[in-house]
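The sequence and structure come first, and the text follows.

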Amino acid sequence: MKRLLKSILLFFTYLIASQTLYAQIIDPVKASVEQKAVSGKDDVVDIVFTFVIDEGWHVYGPDNSGGPTPMTIKFESVEGAQPEGSLRLSPAPQRIMDPIFECEVTFVEKRATATQRLKLKDGDWKADGYITYGACNDENCMPPTNVEFSFKGTKATPTPKAEKPSEYKTVAVPNENTIEPYDTLQPDSAAQAPTPGPDLGDNPQLGATDLWTPVIDELHALDAQSDTSSRSLWGIFLLGVLGGLIALLTPCVWPIIPMTVSFFLKRSKDDKQQGIIDAILYGLSIVVIYVGLGLLVTLIWGPSSLNALSTNAIFNLFLFALLLIFAASFLGGFELTLPSSWSTKMDEKASSTTGVISIFFMALTLVLVSFSCTGPIIGLLLVDMVTSGSVVAPTVGMLGFALALAAPFTLFAMFPTWLKSAPKSGNWMNVIKVVLGLVELAFALKFLSVADLAYGWRLLDRETFLCLWILIFALMGFYLLGWIRLPHDEDEYDDEGNVVAHPKIGVTRFLAALCVLAFALYMVPGLWGAPCKAVSAFAPPMWTQDFNLNTNTVEAVYTDYEQGVEAARRAGKPVMLDFTGFGCVNCRKMEAAVWPDPRVRQLMTENYVLVSLYVDDKTPLPTTVQVTETDGTVRKLRTVGDHWSYLQRTKFGAQTQPFYVLIDHQGRPLAGSYSYKEDVPAFVCWLESGLKRFKAK
């Protein structure tokens, strides 16, 4: 038993560690370059760039303007040759109208090639340069990335070979013990060190400051100890407990409790203690079955896939359709049932076996028989847990669900007199099913919204979403008040046997209706731009709203790292670093949906110095700087954006945007990092934790 517990603990530790690492370093595009001769033509040669792109990511094409980072090729030196035409993408890029940039953008996915043809002159030729591309998914964007090339040959040679194969290698996780010291960075010309350019501060040497010292291990440690993360897992566990308690009150489970408890007590009537033990084993079997379901979900999708699925448009459409089916089932449209042969076989197994195995099959029979009520609840919980981005969420949530569902069977077996005071079955259980159906319908819209944003349909803008939620929760309140009745609601009769048109409702149901209607009214001001913090994590971002009276915005005063830290030192405040990009969609979403919240705005403007570092800023550095990555890859920093991207990658071990870090005046992290998550309470908690640690120092 101890070995089993240790194995489970090690498994959870592995999942949490792998999730933390995945959240920091993402390597979505493998790019390589080669030189190819053109069949039948000795006077031309092709430089071919190959991109292998992870699922859910896309690389933007060369004909984008005013939007995301376009794919561009730049020749630093060309001798004996001349570029012919422009970059050619294969396959042809997709075209969509992007609502964020308000322009048409092109992109390629999965695998693509970009070809640049060179027209050769007589004799030897040589070409050096690089291609720049940008990549995004529905959650993050990579900084503009360069792929260097250097080729030479002779026109008389039909298949010239590259002097040295050039292959882009993605950056490994930098290590504080192996990374090249920043004071050894050398410019292309050793005779002249780079001088400060626009927004680069007053440092005479690039990165020659303690502020550039890597803090990757320290940041990862804070990520692992983050209060927000632990609260999130506890929240998922409590959500599972709530789901289990609700499942208990459905007509598929509640009536089974007294029958099952009575069976165990009667089977061991000569030994009441044995009956209690059997009931405990029955409850543990339920826990094992549902926790196994959570583990199965994690193992099927894999640690990294769970995070990727949370923003996959097609997967979110599938979840939308699934929750619609569950909602229709709870509202009485039809009943979801598993094949009856399954429960029959499990019942036969329980009857033909003895001991612990018999009890386990009895528990499995309960799981199958109650699926019509528990299935939609489990489905909603697993959907929320899978899209939370945490790999242990399905297991933790199912543990909470199973404990809540199994506890009454054990407690009523230990204290059978409690059964007499337990509520009897009745129409109140059907009311719970209807309310759950409307809740599932509301959550289905959330997943439709994710797909709507990804594809740019603009079918579910913020005001449309809020209108539908207001309507759903208003109908829920009217139903709880008895103003609306569904076909499968039980009729109530008066003393004369006539159906009561407006049956009386209890105090609990009335108070529930009051809360639901108040929630519906709370969302109404959101139609004119009110933040509606309680639904900000579900509703589309503020930029999708056409009519918005909210003018509260938060903007950075500093766009230079060293200058921002110096200003924070003079003001006695910590620094919030915002690694962003002009073409970063989700950066705009965070700025529109989270930053304007009054609590967030107050913390950011009064307690922090905000420094926004744009990794796609094309302002050229005074002198190109050559750096060596930990894997030996030589890279050139040519622009201000390259400068900040290098800072993010080497100091913090991350390379996606948005990426937020709270640091002190020495560049040390005050809390774990924060990425794209439209969760105002979590963002506030993160800001407060950093401020608290800064004051403690």
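A salt bridge here is a side-chain nitrogen of Lys or Arg within 4 Å of a carboxyl oxygen of Asp or Glu. The model is predicted. By that definition, arginine 668 forms a salt bridge with glutamate 218, with 3.3 Å between the closest N and O atoms. Arginine 668 sits in the loop between strand S17 (659-663) and helix H20 (680-696), and glutamate 218 is in helix H2 (residues 216-224), so the pair ties together parts 450 residues apart in sequence. Arginine 668 is partly exposed, at 29% relative accessibility, and glutamate 218 is partly exposed at 32%.

The structure holds 13 salt bridges. Those described individually here are listed below.

| Salt bridge | N to O distance |
|---|---|
| Arginine 668 and glutamate 218 | 3.3 Å |
| Glutamate 566 and arginine 570 | 3.5 Å |
| Arginine 88 and aspartate 46 | 4.0 Å |

The side chains of arginine 88 and aspartate 46 meet in a salt bridge. This pair links distant parts of the chain, 42 residues apart: arginine 88 is in strand S5 (residues 81-90) and aspartate 46 in strand S2 (residues 41-53). Arginine 88 is partly exposed, with a relative accessible area of 42%, whereas aspartate 46 is buried at 10%.

Glutamate 566 and arginine 570 both lie in helix H16 (residues 561-571); because they are four residues apart there, about one helical turn separates them. Glutamate 566 is partly exposed at 31% relative accessibility, while arginine 570 counts as exposed at 57%.

Salt bridges also form a network, which links Glu76, Glu148, Lys636 and Arg638.

Definitions and conventions. Residues are numbered from 1 along each chain as its sequence is written. This is a predicted model: local features need pLDDT of at least 70, side-chain atom pairs count only at pLDDT 80 or more; totals for chains, interfaces and linings use all residues. Side-chain values use heavy atoms; hydrogens and water are left out. Helices (H or I, at least four residues) and strands (E, at least two) are DSSP runs, numbered from the N terminus. Buried means under 20% relative accessible area, exposed over 50%, partly exposed in between (1.4 Å probe, protein chains only).
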